[in-house]
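Please look through the sequence and the model that follow before reading on.

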Amino acid sequence: MNVKPSTAAWAGAASLLPYTAMKTYWAFGGTAGRPSGDLAARFRENGAPEVLVRMEQHGLDFTVLGAFAGMVLLAVLVLSRGRRPPRWSLLVPGWAGALLLTPYGLATMAAAPFGLTAGDAEGWSPWVGVVGGLAFAGLGASLALCTPAYQRRTGPQAPTPGGAEAVRR
């Protein structure tokens, strides 16, 4: 199966939409699937950095910012403008995301319906884990397709615009 990187990027972005919609719903006061209590206080009790606590107090979940950063990374990997930043600045997060997010998301989707979680998940609905797992696995799988394509396209033997291949035509 040969999937175009742009198709993989769109699929990865689409896999993040339910997650960002759920988090946005919670930011505006929605409670479906969300545990009762103050999440910012839980963050503080668990030793989270103060910036994350303050963001949560203002309805901004740091994982939504990560999802947005993932969408930007996918776009940069597939657009021709992606050649401008240093290669390593895209390859490192691309490969790290592919290797870490895909198995984490798949395990989360498989475990959440059975109430199996890592850490304190008291009060969370099982469907929240499935939505989160879909987002992580979708982003990771998309990065697993887009990152090697970017690596091939920008490698040492990649054709350069106006280079020797353009002269032969």
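Two residues are said to be in contact when they have heavy atoms within 4.5 Å of each other. The structure is a predicted model, in which local features need a pLDDT of at least 70 and side-chain atom pairs count only at pLDDT 80 or more, while totals for chains, interfaces and linings use all residues. Residues are numbered from 1 along each chain as its sequence is written, and side-chain values use heavy atoms, with hydrogens and water left out.

Val78 is found in helix α4, where helices (H or I, at least four residues) and strands (E, at least two) are DSSP runs numbered from the N terminus. Leaving aside its neighbours within four places in sequence, Val78 is in contact with Pro5, Ser6, Ala9, Cys146 and Arg153. Although Val78 and Pro5 are 73 residues apart along the chain, their C-alpha atoms are separated by 6.1 Å.

Thr20 has its place in helix α1, and, once neighbours within four places in sequence are set aside, Thr20 is in contact with Val64 and Ala67. Ala48, in turn, is found in the loop between α2 and α3, and, with neighbours within four places again left out, Ala48 is in contact with Phe43 and Val53.

The table gives the relative accessible area of several residues, where buried means under 20%, exposed over 50% and partly exposed in between (1.4 Å probe, protein chains only).

| Residue | Relative accessible area | Class |
|---|---|---|
| Tyr19 | 7% | buried |
| Thr20 | 16% | buried |
| Val78 | 23% | partly exposed |
| Phe136 | 24% | partly exposed |
| Ala48 | 25% | partly exposed |
| Phe62 | 35% | partly exposed |

**Aromatic rings**

A search of the whole structure finds 3 aromatic pairs; rings of Phe, Tyr and Trp (its six-membered ring) pair if their centres lie within 6.5 Å, and planes under 30 degrees apart count as stacked, over 60 as edge-to-face and the rest as tilted. The pair of Tyr19 and Phe136 is tilted, because the ring centres are 6.0 Å apart and the planes stand at 50 degrees. Since Tyr19 lies in helix α1 (residues 5–27) and Phe136 in helix α6, this pair ties together parts that are 117 residues apart in sequence. Tyr19, Tyr104 and Phe136 form one aromatic cluster.

In the pair of Phe43 and Phe62, the ring centres are 6.2 Å apart and the planes are at 65 degrees, so this pair is edge-to-face. This pair links distant parts of the chain, with Phe43 in helix α2 (residues 39–45) and Phe62 in helix α4 (residues 62–78), 19 residues apart.

The axes of helix α5 (residues 87–111) and helix α6 (residues 126–154) come within 6 Å and cross at roughly 150 degrees. Here the axes are lines fitted to C-alpha atoms, for helices over the stretch in contact, and the angles run from 0 to 180 degrees between N-to-C directions. By class, the contact of α5 with α6 has 19 nonpolar, 11 polar and 1 charged residues, where Ala, Val, Leu, Ile, Met, Phe, Trp, Tyr, Cys and Pro count as nonpolar, Asp, Glu, Lys and Arg as charged, and the others, Gly among them, as polar.

**The chain as a whole**

There are 7 helices and 0 strands in the chain. Of its 169 residues, 35% count as buried. Among contacts between residues at least 6 apart in sequence, 74% join residues at least 24 apart.
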